[in-house]
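Visitor: I'd like to learn how to read a protein model like this one. Could you walk me through it?

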Amino acid sequence: PDLVVWPGSTQEVEAVVRLANEHNVVIIPFGGGTSVSGALQCPSNERRMIVSMDMHRMNKIKWVDRENMLVCMEAGIIGQDVKRRLES
């Protein structure tokens with residue numbers, strides 16, 4: 001990537017996306033960082049600026065609904081943290 005940003009809130013994500021759209025910039029999100037999916041591989045033929053949006057700062061579990069087996073979490077959380085929370 002040409003640039004890395006570390007948003008800390010939904011509002012900051014929205015601002016980055018809005019600016020990227022206005023300036024024809026590619027955004028590649030980066031979540032928990034396990035690289036299982038190879039998601040941060042930049043296309044070699046891409047000529048536009050590429051911004052990696054590193055979501056590590058947005059790593060909270062917002063709520064857990066055990067009865068319905070649902071969880072709402074931010075994009076930067078890693079699986080081990082989710083597992084630990086759900087097992088507690």
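**Reading the model**

Guide: Let's start with a contact, meaning heavy atoms within 4.5 Å. Leaving out residues up to four places away in sequence, Ala20 touches Val25 and Ile27.

Visitor: What kind of model is this, and which rules apply to it?

Guide: This is a predicted model, where local features need pLDDT of at least 70, side-chain atom pairs count only at pLDDT 80 or more, and totals for chains, interfaces and linings use all residues. Residues are numbered from 1 along each chain as its sequence is written, and side-chain values use heavy atoms, with hydrogens and water left out.

Visitor: What is the average pLDDT of the protein?

Guide: pLDDT is the predictor's confidence in each residue, from 0 to 100. Here the protein averages 90, and 91% of the residues score at least 70.

Visitor: How do I read a sheet?

Guide: Strands of a sheet pair through backbone hydrogen bonds, either parallel or antiparallel. Strands (E, at least two residues) and helices (H or I, at least four) are DSSP runs, numbered from the N terminus, and two strands pair if DSSP finds at least two bridges between them. In this model, 3 strands form an open sheet in the order S1-S3-S2, with parallel pairing. Strands S1 (3-5) and S2 (26-30) are at the edges with a single partner strand each, so one side of each has no neighbour in the sheet. S1 pairs with S3 (residues 50-54) over 3 bridges, and Val5 stands opposite Met53 in S3.

Visitor: Which strands run antiparallel?

Guide: Strands S4 (residues 61-65) and S5 (residues 70-73) do, joined by 4 bridges. Val64 faces Val71 in S5. Their hairpin has 4 residues between the strands, and Met69 takes a positive phi near 55° there.

Visitor: Is Ser52 buried or exposed?

Guide: Buried means under 20% relative accessible area, exposed over 50%, and partly exposed in between (1.4 Å probe, protein chains only). Ser52 lies in strand S3 and is buried, at 3%. Beyond its neighbours within four places in sequence, Ser52 has contacts including Leu3, Val5, Ile28 and Phe30.

Visitor: Which residues make up the largest nonpolar core?

Guide: A nonpolar core is a set of buried Ala, Val, Leu, Ile, Met, Phe, Trp, Tyr and Cys residues joined through side-chain atoms within 4.5 Å. The largest has 8 residues: Val5, Val13, Ala20, Val25, Val51, Met53, Met55 and Met58. H1 and S3 each supply at least two residues of this core.
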